[in-house]
Amino acid sequence: MRLRIKQLRLETKIKKPRLKIITMSDKIFIFDTTLRDGEQVPGCQLDTQEKVVIAKELELLGVDVIEAGFPISSPEDFRSIIEISKAVNDPVVCALTRAVMSDIDCAAESLKYAKRKRIHTGIGASDFHIKHKFNSTREKIIERGVAAVKYAKKFVEDVEFYAEDAGRADNAFLAQMVEAMIAAGATVINIPDTTGYCLPQAYGEKIKYLMDHVSNIDRAILSCHCHNDLGMATANTIAGIQNGARQVEVTMNGIGERAGNTSLEEVAMILKTHQSLPYHTDINTRKIHYMSTLVSKMMRMPVQPNKAIVGRNAFAHSSGIHQDGVLKNRDNYEIIAPEDVGVNESSIVLTARSGKAALNFHLTRLGYHLEKPKLEETYERFLKMADEQKDVSDEDMITLMEGKRPDTNIEISHVQVVCGQPLQPVSTVELIVNGEARRESATGNGPINATLRAIDKIMGAKIELEEFLVQSMGGSRETGKVHLRIKYEGQTYQGFGIEEDIVMASVHAYVNALNKIMLFKVTKPVKQKVAV
């Protein structure tokens, strides 16, 4: 706890200056809105059962508040809040409303089973919204906000008020509004940068202005809700924390309206990494990667490979200079330990940009121990291969050393898929495994799912599909590109395929990853801290 003493300078009301003592915690409350703001992304809608699964995992992750939905918006949202309220114990369950009494009635009813409950109500604070959205005046907007807070207070003790578009609101008016809402009973005041307009310095100054000019600010917590339209959501949120906000409203992977919201994982890891910031959260950061993958999969929203903290390339190194530095000491180029966010290891990716140190590392891992002259000669051949292939797999490395592909491999012989309404998709696949033809059929919830299931039956192994990303290449012919990641016996493997037929692109990517498993079983790699 820190003790802060400051002199108030009230501009919104005429009062005698007085000394105010505020005790401020260094704990930052994590308000997760993945299931509300995140679910507003087109194509990311979840059913009630899926929301409950994510809510339970958010509880294990350590979030303080789960904004479970906007209950008046649909019967499904209403049901979801009820079921989430039953399923979780520790987090506060929050329901969103407008400053409308029927909304608040609906929210109160949806929260009846919550152990800890909050109603989140509010109205526009900027002149843009007041004039062009509500066709109202500042005075009437405050009256509506106060009435909504007082009404919500009849149902729950914990009421959060959002001043929508506060990022573009006049600070003096915003202070007046915030003071009125706290007086009406609001326990948390949300200061949203709804359009992602603010610069970090301006947003931080806005929070500081409220801390300095709202006479009853010690009776509520200020909350940051920042959007990423200009790529500054996380920076604005950190600026808000530094100036007095103690709650942050975030989503996993930064999903949300338009360009998204502040990323939970970014805020959590910034506060954990920067020891100069005297704040902490209750987030179990080792669950971040799992949570990111779960949300990505269930909401059908791929994570961009270069996304901070959780992207596929967040701990991958392909530059020779970087690879050499990481192999000597990973602190040279990694400010976060991969295991701190639940990633097993860093990866050294072989490309034409890779240096001799990375090549030697992978050769040693595969059982090849080269003296310096031989390494020099092999490196020249490696560069030619990398220029042609763009990236180099373990199988390619063995080809480089022995001039032939290993005997242990999987080849695609035959794929036939039957699907269409009302038929359930069925796929028949034949693979050549170590020279032996194997054929299996399987059904699935789609042609790709059925095909991958048939391959699993052929292989007879327990393989977990962790990531599946499809990208259209466009052009004169519709070409599909598939990136995927599978998990087998605790180790992850990546696969890549490109074909005009997206099902075949998926098969090639899956077999590409399976061949890496076969290769590892043959070469019996030595365990290392940094792996492919």
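How many strands form the closed barrel, and is their pairing parallel or antiparallel? The legends below describe close-up views of a predicted model.

**View 1. The closed barrel.** The barrel has 8 strands, in the order β3-β4-β5-β6-β7-β8-β9-β10, and the pairing is parallel. From one strand to the next, the twist averages 25°.

**View 2. Strands β5 and β6.** Strand β5 covers residues 92-96 and strand β6 covers residues 117-124. The two run parallel and are joined by 4 bridges. Opposite Leu 96 stands His 120 of β6.

**View 3. Helices α5 and α7 on the sheet.** Helix α5, residues 138-153, lies across β6 and β7 (159-164), and runs at about 170° to β6. Helix α7, residues 200-213, packs on the sheet and touches β8 (188-193) and β9 (221-226). The direction of α7 makes about 160° with that of β9.

**View 4. Packing of helices α2 and α3.** Helix α2 (residues 75-87) packs with helix α3 (residues 101-110) at an angle of about 35°, and their axes are 8 Å apart. From α2, the contact is made by Phe 78, Ile 81, Ile 82 and Ser 85; from α3, by Cys 106, Glu 109 and Ser 110. By class, this contact has 4 nonpolar, 2 polar and 1 charged residues.

View 5. Arg 485 lies in strand β17, residues 480-488. Arg 485 counts as buried because its relative accessibility is 9%, and buried means under 20%. Leaving aside neighbours within four places in sequence, Arg 485 is in contact with His 289, Thr 293, Arg 312, Glu 464, Leu 465, Glu 466, Glu 467, Thr 492, Tyr 493 and Gln 494.

Terms used:
Residues numbered from 1 in each chain as written. Predicted model: local features only at pLDDT ≥ 70, side-chain atom pairs only at ≥ 80, totals over all residues. Heavy atoms only, no water. Pairing = 2+ DSSP bridges. Axes fitted to C-alpha atoms, helices over the stretch in contact; angles between N-to-C directions. Contact = heavy atoms within 4.5 Å. Nonpolar A, V, L, I, M, F, W, Y, C, P; charged D, E, K, R; others polar. Buried < 20%, exposed > 50% of the residue type's maximum accessible area, 1.4 Å probe, protein only.
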